[in-house]
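Open the model in your viewer and keep the selection tool at hand. Each stop below says what to select and what is there.

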Amino acid sequence: MGEKKRCTQSRLDQYLPYLLLVLFPQLVTSQCNSNPVIFNFGDSNSDTGGFSFGTGIIFSPPNGRIFHQPSGRLSDGRLVIDFLCQSLNTSYLTPYLEPLAPNFRNGANFAISGSCTLPEYVLFSLNVQVLQFLRFKSRSLQLISQGTRNLINVGGFRNAIYTIDIGQNDIAGAFSSKLSYEQVIAKIPSFLTEIKYAILNLYQHGGKNFWVHSTGPLGCLPQKLAMFNQNASDIDHYGCILSLNNAAKVFNKGLSDLCHEMRTEMKNATIVYTDIYAIKYDLIANYTKYGFEKSLMACCGNGGPPYNYNANITCGQIGCNVCKEGSHYISWDGVHYTEAANAFVASRILSAKYSTPQLKFNYFCQ
């Protein structure tokens, strides 16, 4: 009997990525009593097309292959932010820079691929994204006062969820600049300060609901594994680079402390910190348990095993190869996750087990 149960569980684990994608709407039932509004700030982990609209650069196929066309996302399909929107039964977020027939009734996405917290006024830093939001809010309220419909009103801005997912590029960029581990760690407080200023700025302009993501395990990205000179003593049990992961942990500890500090300073505000690192590292460490085939190898890239990453021939360029549709890879292109992996991450976020305080994502719209 026990052996039969284990076999059944093994089969469930094998098909878990597929089940998550197919059954996601049923797994998370929205309990929103009002139309949810989300404003997102971040980098490529949550960019739904802002970079493409802002620069005119298209993320060419096979990017977006699940959409059957380029989607402005660095993935084969949906991102975590897409699944979070789906959990509230609302549309995917329209990029702020969408020039044609935009739909901003449920919020806007200010995230841009490549964005950092610093330098402060370089396009499209976190500070610039917040400035874009402030213009968006001012213009929306102005147009409403003139009779325009289907825009977000004062109450919508006040009750919106402000999601923030940024910092990965700051840490990665510091390491790429050949700084020592100690020098990278010394820069982290300045990254956190920019996130604090962003949250305060949004709060001072009426925002009160904040959902903040930590950064993931940088040392487990195929790009980093392929490009960094590896020292055996700097590789962990699962094949990830310890120093990069430790820097991410230092950043995340600071971010968690920052959220705790700001909860005491910002009256009537709710700040939820979600440990994305723990979710992603668990997925990488136990990938076969969750039905994935590859943990540290890019689905789309060049070079073959063990990482299939070549900085000169990246996903979408001539010479890249791509795994078959339906293959259960965690990494899409060496930096970003596949839709299947994003669905797993989103399901863990929505469980609230990785959040402080442990509030459901739909808490803000009940």
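## Stop 1: strand 5

Buried means under 20% relative accessible area, exposed over 50%, and partly exposed in between, with a 1.4 Å probe and protein chains only. Strands (E, at least two residues) and helices (H or I, at least four) are DSSP runs, numbered from the N terminus.

Before moving on, note the ground rules. This is a predicted model, where local features need pLDDT of at least 70 and side-chain atom pairs count only at pLDDT 80 or more, while totals for chains, interfaces and linings use all residues. Residues are numbered from 1 along each chain as its sequence is written, and side-chain values use heavy atoms, with hydrogens and water left out.

Strand 4 (residues 209-213) runs parallel to strand 5, joined by 5 bridges. Two strands pair if DSSP finds at least two bridges between them. Pick asparagine 209: its bridge partner in strand 5 is threonine 270. Then pick histidine 213, whose partner in strand 5 is threonine 274.

Next, show strand 8 (residues 355-356). Strand 8 pairs with strand 5 in the antiparallel sense, over 2 bridges. Tyrosine 273 has threonine 356 as its bridge partner in strand 8.

## Stop 2

In what order do the strands of the open sheet lie? Select 6 strands and read across: 2-1-3-4-5-8, with mixed pairing. Strand 2 and strand 8 stand at the edges with a single partner strand each, so one side of each is left without a neighbour in the sheet.

## Stop 3: strand 1 and phenylalanine 39

Move to strand 1. Of its 5 residues, 5 are buried. Ile38, Asn40 and Gly42 lie on one side, Phe39 and Phe41 on the other, and both faces are covered.

Strand 2 (residues 107-109) pairs with strand 1 in the parallel sense over 3 bridges. Isoleucine 38 stands opposite glycine 107 in strand 2. Strand 3 (residues 161-165) also runs parallel to strand 1, joined to it by 5 bridges.

Zoom in on phenylalanine 39, in strand 1 (residues 38-42). Is phenylalanine 39 buried or exposed? Phenylalanine 39 is buried, at a relative accessible area of 0%. Its bridge partner in strand 3 is tyrosine 162.

Draw a C-alpha to C-alpha distance from phenylalanine 39 to asparagine 109: 5.8 Å in space, for 70 residues in sequence. Leaving aside neighbours within four places in sequence, the contacts of phenylalanine 39 include Gly107, Phe110, Phe133, Phe136, Ile152 and Phe157. Contact means heavy atoms within 4.5 Å.

## Stop 4: helix 5 against helix 8

Show helix 5 (residues 126-145) with helix 8 (residues 181-204): the two pack at about 10°, axes 10 Å apart. Axes are lines fitted to C-alpha atoms, for helices over the stretch in contact, and angles run from 0 to 180 degrees between N-to-C directions. Helix 5 and helix 8 are therefore roughly parallel to each other, a term for angles under 35 degrees.

Display side chains at the contact. From helix 5, Leu126, Val130, Phe133 and Leu134 meet Glu194, Ile195, Ala198, Asn201 and Leu202 of helix 8. By class, this contact has 7 nonpolar, 1 polar and 1 charged residues. Ala, Val, Leu, Ile, Met, Phe, Trp, Tyr, Cys and Pro count as nonpolar, Asp, Glu, Lys and Arg as charged, and the others, Gly among them, as polar.

## Stop 5: helix 10

Select residues 242-265, helix 10. Its 24 residues should span 34 Å at 1.5 Å a residue, and the end C-alpha atoms are 35 Å apart, which agrees. The expected span is 1.5 Å times one less than the number of residues.

Colour the buried residues of helix 10, among them Leu244, Phe251, Leu255, Leu258 and Met262. The buried residues pack against helix 7 (168-176), helix 8, strand 4, helix 9 (222-227), strand 5 and helix 11 (276-285).

## Stop 6: helix 12

Finish at helix 12 (residues 339-350). 11 of its 12 residues are buried, so helix 12 is largely enclosed by the rest of the structure. Just after helix 12, check alanine 352: phi is positive, about 70°.

How values were computed:
Angles under 35 degrees count as roughly parallel, over 145 as roughly antiparallel, 65 to 115 as roughly perpendicular and the rest as oblique.
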